[in-house]
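Below are some notes on the two-chain complex you sent. They begin with the contact between the chains and then turn to each chain by itself.

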Amino acid sequence: MSITGFIPLPVAVPLMAAAFLAFAGRWIGRRACDLLAIATAGCNLALAIVILRGVWAQPQVYWFGNWWPRPGGVALGICFSIDAIGAAFALLASVLTTAALVFSWKIFEDTENHFQPLMLIFMAAMCGFSYTGDLFNLFVFFELMSVSAFALCGLKTLEPAPLQGAFNFAIVNTVGAFMIVMGIGLLYARTGALNFAQVGRSLGNTPADALVLLAFLLITVGYLTKAAIVPFHFWLADAHAVAPSPVCVLFSGVMVELGIYAVARVYWTIFGGTLAAHAVEVREILLILAALCAVVGGLMCYTEHHLKRLLAFSTISHAGLMLAGVALLTSKALGGFVIYVLSHGLIKGGLFLCAGIVLHRLQKIGENHLHGCGCGMWWTAALFIVGAFGLAGILPFGTLLGESMISESAAQLRQSWLEYVFIFAEVFTAAAVLRASFRIFFGWGDPAPTDESSRVEEKPETEAPRQRTPVAMLLPAAALVLLGIAICAVPQLRGSAENAAKLFIDQPSYSRMVLDNAAIVAPAHAVSESLTSSIARSSIAGVLAALLALGSVFRKKLSPTLNFTRRLELGNTWLRGLHSGHPGDYVAWLSFGTACLGGLFAWLLR
Amino acid sequence: MLLNYLGYAVAAWVFLWGLYGIVTSKNLVHQVVCLAILQTSTYVLLLAIGFKTGGTAPIFADIPVGTVVVDPLMQALMLTDVVVEATVMALLLSMVVKANEVAGTVDPEELRILMG
């Protein structure tokens, strides 16, 4: 079956449904809006699956208005060029949006805030972003995604905190977007093209000069800002702390990851050839960023006691690990990156929905206010703890498979130190979530200390506290966490991901496919190595995380030597102070990071 | 010769002043306007890229074939850029209005609730 006719639909259908809902929402009532939005997202989910199956073996190119490049000509039209990796990202976006919309059945009683249309626009933009094969189109979908995200983040306009969070988010990301426009402009000035394949072919294998390096810098920084990589990450915690829980699912689960995806896509289709001589230096620069991000995110995650902010910093830490998958510049690591993103998105989405359940049931979100309040919410507690071990990447979770591929690739490149970064990030993020669940759901140990950010309480998203968790809330949370495990059951997952990644990084084949309408031969199945060493390592990480969490909770009872956990929980004041909540400071960090990265590029990539 | 690079120099200059304004701003409205200034640097850059000395408008209905014209793609990119960023500005300014209503301040220093 040809899937050509389906390709534009995951963008077109939700946009039309969103326009209809925005127009007719106030007349058709709340429940009809919900049903229509969930039906649209479900329909998108089905379409995304059909497209993923269609491009599994053979990537597809779709030229809008049939403006395909004539033989020997250049690409003037706009195309979607979909491979398995792009299709997988669109599928993840659809799954998470569906779950988030089901979850929001019980919250947001009025339709005046346009929650459902904004979510659908957000989903359409993310699908278009994953599918597109055009540089400027990528920017347009990036902005569509950003604007709907800003609006969703600041949805609760009656409190100052969401406004501040959304404002910081919007300012920092928009500065990043302008950098992307400038980079695109420079590339167009050099090559006269906007299609990935055409730009890549025009740049060819000639060594990059200052203009191309500047374009690479601006585009990379722009997308890394979206990806919340240290030091461009400051907006993320503020945005996540205040956005409604179902929106956080999309922010953490797929939007941030799409930033890293865009860096990989742009690097491999455009800059791969021209920077080929400096691949080692590009790898080292990106790996340093990735490691810094994983460590800073992990340390900050452990110091937080505001549940959503805690999860936000764990996303920053994991974004560092994902960037490492891209930064190694090998097909195996890139395949690991994809598996890691998929499973992390599902698990983190489930955790954010659980945080939403806590807010719904207990009307508070700070760990210090909730000590022992969650006794009896066993299902939520179980999901929290299972999700925490998912973040640690232990055996039945997809994160283990992704991490094992990235580590194997790192070891082959003599970058084995990356394993310790992985263990560090996994131990700290998992321990923070475990510590919070022990205190909230079991009431173990003493109440958590108060910190600056946990003072900020969130107005509950629902009216009255409920005695029971609604099925519409528990079901999507459980489904996401379980899918994070079930993803391992996909046969030949690692081999398929590596094959898809091989196609992804093959620039000559990509441009032949897009520009010359050539069929791409899928490479032979890669043989996956055994998982034994990864299982052992991740089990150690899981045990360490549990010990650290228990040590934090019971430090007064057990031994004074455990006092270091208090320092981990309340220390790092210097690091915390950098997250000042002032958009000017964040943009200053963005400029500083850009200058440092630019200096490194000028020094090492010339 | 020097004039060829003037547009790029102006774009970089405006970009840096926009950044400076955002970083040092003490008023949210001012900050949004600085972001708009930052954005105009992208217009200048795109104009500089598309411009050709002596070129005319790229409308081929009433000019002879072979006339020098400026790059027609740039205006399309710029128009998209304008539309996208008008949306962002409108959204940001509406947030500032709301912040003034809810918190009674437009100073980012005083609005700092989230931190650490």
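1. Interface. In this predicted model, 44 residues of chain A are in contact with 35 residues of chain B. On the chain B side, three helices each supply at least two of the residues that touch chain A: α1 (2-24), α2 (28-50) and α3 (72-103). The largest share, 13 residues, comes from α3(B). By class, the side of chain B that touches chain A holds 23 nonpolar, eight polar and four charged residues.

2. Helix α6 (residues 160-191) of chain A and α3(B) have axes that come within 10 Å and cross at roughly 160°. An angle over 145 degrees counts as roughly antiparallel, so α6(A) is roughly antiparallel to α3(B). The crossing of the two helices is left-handed.

3. Residues of that pair. From α6(A) the contact uses A:P160, A:L163, A:A166, A:F167, A:A170, A:T174 and A:V181. They meet B:D81, B:V88, B:L91, B:L92, B:M95, B:K98, B:A99, B:V102 and B:A103 of α3(B). Sorted by class, the contact of α6(A) with α3(B) comprises 13 nonpolar, one polar and two charged residues.

4. Confidence. The predictor assigns the complex an ipTM of 0.95 and a pTM of 0.95. For chain B the mean pLDDT is 89, with 97% of its residues at 70 or more. Among the elements of chain B, the lowest mean pLDDT belongs to α1(B), at 90, and the highest to α2(B), at 93.

5. Chain B overall. How many helices and strands does chain B have? There are three helices and zero strands, in the order α-α-α from the N terminus on. The radius of gyration of chain B is 19 Å, well over the 13 Å that the globule rule gives for 116 residues, so chain B is more spread out than a compact globule. Its C-alpha trace spans about 60 × 30 × 20 Å along the principal axes.

6. Chain A overall. Chain A contains 24 helices and two strands. Its radius of gyration, 23 Å, is close to the 25 Å that the globule rule gives for 606 residues, so chain A is as compact as a globular protein of that length. Along the principal axes, the C-alpha atoms of chain A fill a box of roughly 75 × 60 × 50 Å.

7. Helix α1 (residues 9-28) and helix α2 (residues 30-55) of chain A pack at an angle of about 175°, with their axes 10 Å apart. That angle makes α1(A) roughly antiparallel to α2(A). On the α1(A) side, the contact is made by A:L9, A:P10, A:V13, A:P14, A:A17, A:L21, A:G25 and A:I28. On the α2(A) side, the residues are A:A32, A:C33, A:L36, A:A37, A:T40, A:C43, A:N44, A:L47 and A:A48. The contact of α1(A) with α2(A) has 14 nonpolar, three polar and no charged residues.

8. Backbone geometry to check. Where does A:P231 lie? A:P231 is in the loop between α8 (210-226) and α9 (234-242) of chain A, and the peptide bond from A:V230 to A:P231 is cis, with omega near 5°. A:A228 is also found in the loop between α8 and α9 of chain A. Although A:A228 is not a glycine, it has a positive phi of about 55°.

Notes
Residues are numbered from 1 along each chain as its sequence is written. Chains are lettered from A and ligands numbered from 1 in the order in which they are written. This is a predicted model: local features need pLDDT of at least 70, side-chain atom pairs count only at pLDDT 80 or more; totals for chains, interfaces and linings use all residues. Two residues are in contact if their C-beta atoms, placed from the backbone, lie within 7 Å. Helices (H or I, at least four residues) and strands (E, at least two) are DSSP runs, numbered from the N terminus. Ala, Val, Leu, Ile, Met, Phe, Trp, Tyr, Cys and Pro count as nonpolar, Asp, Glu, Lys and Arg as charged, and the others, Gly among them, as polar. Axes are lines fitted to C-alpha atoms, for helices over the stretch in contact, and angles run from 0 to 180 degrees between N-to-C directions. Angles under 35 degrees count as roughly parallel, over 145 as roughly antiparallel, 65 to 115 as roughly perpendicular and the rest as oblique. A crossing is left-handed if the near helix is turned anticlockwise from the far one by less than a right angle, and right-handed if clockwise. pLDDT is the predictor's confidence in each residue, from 0 to 100. The radius of gyration is taken over C-alpha atoms; the globule rule is 2.2 Å times the number of residues to the power 0.38.
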